[in-house]
Amino acid sequence: MHIEPGVVEGAKIYLSYATAAGALGLAAAMARQSARDNGGFTPLVLRSIMTTALVFCFFEVLPHHAVGVSEVHLILGSTLLLLFGAGATAVGLALGLLIQGLFFAPFDLPQYGMNVTTLLVPLWAISIVAKRIIPEQTPYVDTRYTQALMLSTTYQGGIVAWVAFWALYGHGFSTDNLASVGSFGLAYMSVVLVEPLIDLGVLYLAKTFSRVSRGPLFNVRLHHPA
């Protein structure tokens, strides 16, 4: 979902600084809540290191390709949320994206505000959705396919909506721009077919190897009711 250079230029890019500030504020709030309710500050730091490394690998190592106005990545936002919690996932998304830009893709740095907004706001949304669709007495390792599908659809749909917003904000409603947005949306929503299966596979492994996944590196909710 990296916004391509040139999609938003000039004075218009200042809006991305404002949305990034709001998105990073949401990330800080999720991190504070995780430190308070999900094991404390030290586990949050450990999980954030894990998520940062994973996010960097998702962006830099996993296959990705440009389609229309952006790139299609397998970000696995809902997977990270279930395994590590919203706070650590938010930190990992923000830092992993920043590290990639600083050391491997400096041409993406001007778009950092747009990209971090596009990642974090949908994460905040699925952190709320997860509380509503997964009963409090249900550990995350017992998440059903329909619940995982709803989380993935919400996250990927949020990413597509933000990318569409930036593209239309930057280049308007021309036929070519609308076609580029549409092709990106169709390609990206294909991730929804894959991500819930990955979620369930990872949760199955967490349940099978519960001795490992019950430690401080993982979300307390993974094995325990809320």
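## Helix H8 and its cover

What covers the buried residues of H8? The cover includes strand E2 (70-72), along with helices H3 (77-84), H6 (145-171), H7 (175-189) and H9 (210-213). Keep in mind that this is a predicted model, where local features need pLDDT of at least 70, side-chain atom pairs count only at pLDDT 80 or more, and totals for chains, interfaces and linings use all residues. Residues are numbered from 1 along each chain as its sequence is written, and side-chain values use heavy atoms, with hydrogens and water left out.

A word on terms: helices (H or I, at least four residues) and strands (E, at least two) are DSSP runs, numbered from the N terminus. Buried means under 20% relative accessible area, exposed over 50%, and partly exposed in between (1.4 Å probe, protein chains only).

The buried set in H8 is Val191, Val192, Glu195, Pro196, Asp199, Leu203 and Ala206. They sit on the same side of H8, because they cover an arc of only 125° around the axis (taken from the directions from the helix axis to the C-beta atoms).

How far apart are the end C-alpha atoms of H8? They're 26 Å apart, which agrees with the 26 Å that its 18 residues (191-208) should span at 1.5 Å a residue; the expected span is 1.5 Å times one less than the number of residues.

## Helix H2

H2 (residues 41-60) passes that check too: its 20 residues should span 28 Å, and its end C-alpha atoms are 28 Å apart. Its buried residues are Pro43, Leu44, Arg47, Ser48, Thr51, Thr52, Val55, Phe56, Phe58 and Phe59. Among what covers them are H1 (14-37), H3, H4 and H5 (112-133).

Gln147 is found in H6 and counts as buried, at 4% relative accessibility. Leaving out residues up to four places away in sequence, Gln147 touches Ile133, Ile134 and Pro135 (contact means heavy atoms within 4.5 Å).

Over in H5 is Ser127, buried with a relative accessible area of 12%.

## Out on the surface

Phe103 belongs to H4 (residues 86-103). At 63% relative accessibility, Phe103 counts as exposed.
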